[in-house]
Structures are given as structure tokens and as C-alpha cells.
Amino acid sequence: ISVGGGNVSIAADVTSVAGTSAWGVTASTSGTAAITSNKVTTTGADGVAIYGRGDSGVAIASGDVTTSGARGHGIQAVATSGSITIDSTGAVAVSGGGAAGVQARSGSGAIDVAVNAVTATGGGASAVDLASSGGGNIALDVSGEVSVAGAGQFAGALLNNTGDLAVTMGATGSLTGSGSGLVAQRGALVLDNAGTIRGNGTRASLSAVPEAGVRVQSSAVIQ
């Protein structure tokens with residue numbers, strides 16, 4: 001559903017689509033976009049299982065998500081100025097090259113994401129990829145297994161922002177990357193870790209930033 005203005009709210013049970021650029025559940029508006037979904041499956045390149053775009057904000061609550069095909073993202077949210085909230089309680093599994101499991105982009109609003117299980121096995125993308133270009137704070141809560149495998153050196157979770165970065169790992173939470181498990185770029189990171197963070201990357205030369213369980217490019221408090 002795409003509208004020129006106002007708020008959009010979608011509640012979907014089971015959705016299955018196939019073909020190139022096939023999108024499952026979609027809401028786009030200059031207002032706020034809200035999506036609730038039980039299960040979505042997409043097959044084909046350049047598709048998105050759940051896509052929410054709202055200039056004033058996006059809220060997504062989802063169950064299981066499965067995609068196959070190059071650049072077939074699982075959950076994708078975009079907001080110009082408003083905040084983004086994603087609550088993924090099911091299993092997100094993407095298998096195409098360049099496909100991210102959960103991806104959020106905000107112009108200036110905060111990003112708040114909670115995930116259970118996210119696996120990206122096609123290479124070329126991080127399992128969870130969150131970025132705010134205008135300094136909105138980013139928070140990630142991981143309660144299950146989040147992992148990325150395949151070609152390249154990519155993170156289980158990548159956070160990029162000039163504002164605050166917060167990651168909470170529950171006792172059953174894990175982050176595993178084909179590069180680093182967790183990468184925090186630009187912003188100050190607070191990591192509350194009761195789970196496991198592992199990087200399987202092989203890059204260790206002095207000419208490039210080595211991979212690790214946690215790679216921080218600014219300041220960090222780890223507890």
C-alpha cells in the first residue's frame with residue numbers, strides 16, 4: 001500500500017510472493033507506517049519480505065520471515081525524520097547474496113530494534129544493519145541467534161550513527177559474523193552482554209582493520 005499522505009496501518013497473516021522484485025507486505029507514506037505480520041515468504045531477486053517507509057516514522061512487528069534470491073532483504077524500514085521501531089519475534093532467514101536480514105535507515109529519528117533469530121547465509125551483507133544519518137540514537141536487543149555466513153567479511157550486527165549506540169545481549173543471545181560479530185561505527189557504544197559475540201573473519205593484517213568479536217570505531221563501555 002502506498003499513499004501520498006496520512007498514516008498507514010497493515011495487519012497481515014500469511015503472505016507468500018514469487019518473482020523478481022516481488023515484495024511481500026509493503027507500506028509507504030509521508031506520514032507514519034505501521035505493519036503487523038505473522039509470516040512472509042518471498043522467492044526471487046530484489047524482493048523484500050516486509051518493507052515500511054514512513055517520513056514521520058515506521059513501526060513493524062513481525063513473526064517468521066524467509067527470503068531467497070539475490071538482494072532479497074527480510075525486513076527493511078526507512079524513515080526521513082521519524083523514529084523506527086522493529087520487533088521481530090520469529091525467525092528471519094535470508095539466503096541470497098547481498099541480502100540483509102533486518103535493515104533500518106533513519107534520517108534523524110531514533111532506531112529501536114529487537115530481534116530473536118536472524119540468519120543471513122548468502123554473503124555480501126550483515127544480518128542486522130542499522131544506520132541513522134542525522135544522529136538519532138540506535139538500540140538493538142538480541143534474544144536469540146543472529147548470524148551471517150558466506151563470502152566476504154560482514155558483521156552479525158552493524159550499527160552506524162553519530163549518536164548513541166546501545167546493544168543488549170540476553171543470556172540466550174548470540175552475534176556471529178563472517179567478519180566481526182558486532183561492528184559499531186562513529187557513535188559511542190554501550191554494550192550489555194550476557195550472551196555470546198563471535199567474529200569468524202580472517203582479516204588480520206596491519207594494513208586493514210582486523211576482524212574481532214566486537215569492533216568499535218569510537219568509544220565503548222562494555223559490561
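The model is a predicted one. Its protein chain is built from strands, with 20 of them and 0 helices. Of the 223 residues in the chain, 48% are buried.

Turning to the inside, the largest nonpolar core holds 46 residues. The members that touch the most others are Ile-86, Leu-130, Leu-140, Leu-159 and Leu-182. Strand 9, which covers residues 111-120, supplies the largest share of this core, with 5 residues.

Thr-67 has a relative accessible area of 2%, and since anything under 20% counts as buried, Thr-67 is buried. Its side chain reaches the backbone oxygen of Gly-72 at a distance of 2.6 Å. Setting aside neighbours within four places in sequence, the contacts of Thr-67 include Thr-42 and Ala-49 on the one hand, and Ala-93, Val-94 and Ser-95 on the other. Gly-72, His-73 and Gly-74 are also among the residues it contacts.

Next come the charged pairs. Side chains of opposite charge can pair when their charged atoms come close. The structure has 2 salt bridges. In one of them, the side chains of Asp-46 and Arg-71 meet, at 2.5 Å from N to O. Asp-46 belongs to the loop between strand 3 (32-43) and strand 4 (48-54), while Arg-71 belongs to the loop between strand 5 and strand 6 (73-79), so this pair ties together parts that are 25 residues apart in sequence. Both ends are partly exposed: Asp-46 has a relative accessible area of 29%, and Arg-71 has one of 42%.

Arg-105 and Asp-129 form a salt bridge too, with their closest N and O atoms 2.9 Å apart. Here the partners come from strands: Arg-105 is in strand 8 (residues 102-106) and Asp-129 is in strand 10 (residues 128-132), so the pair links parts that are 24 residues apart in sequence. How covered is each partner? Arg-105 is partly exposed, at 29% relative accessible area, whereas Asp-129 counts as buried because its relative accessibility is 12%, below the 20% limit.

Methods
Residues numbered from 1 in each chain as written. Predicted model: local features only at pLDDT ≥ 70, side-chain atom pairs only at ≥ 80, totals over all residues. Heavy atoms only, no water. Helix = DSSP H or I, 4+ residues; strand = E, 2+ residues; numbered from the N terminus. Buried < 20%, exposed > 50% of the residue type's maximum accessible area, 1.4 Å probe, protein only. Core = buried A, V, L, I, M, F, W, Y, C linked by side-chain atoms within 4.5 Å. Polar contact = N/O pair within 3.5 Å; in protein donor to acceptor, adjacent residues only side chain to side chain. Contact = heavy atoms within 4.5 Å. Salt bridge = Lys/Arg side-chain N within 4 Å of Asp/Glu carboxyl O.
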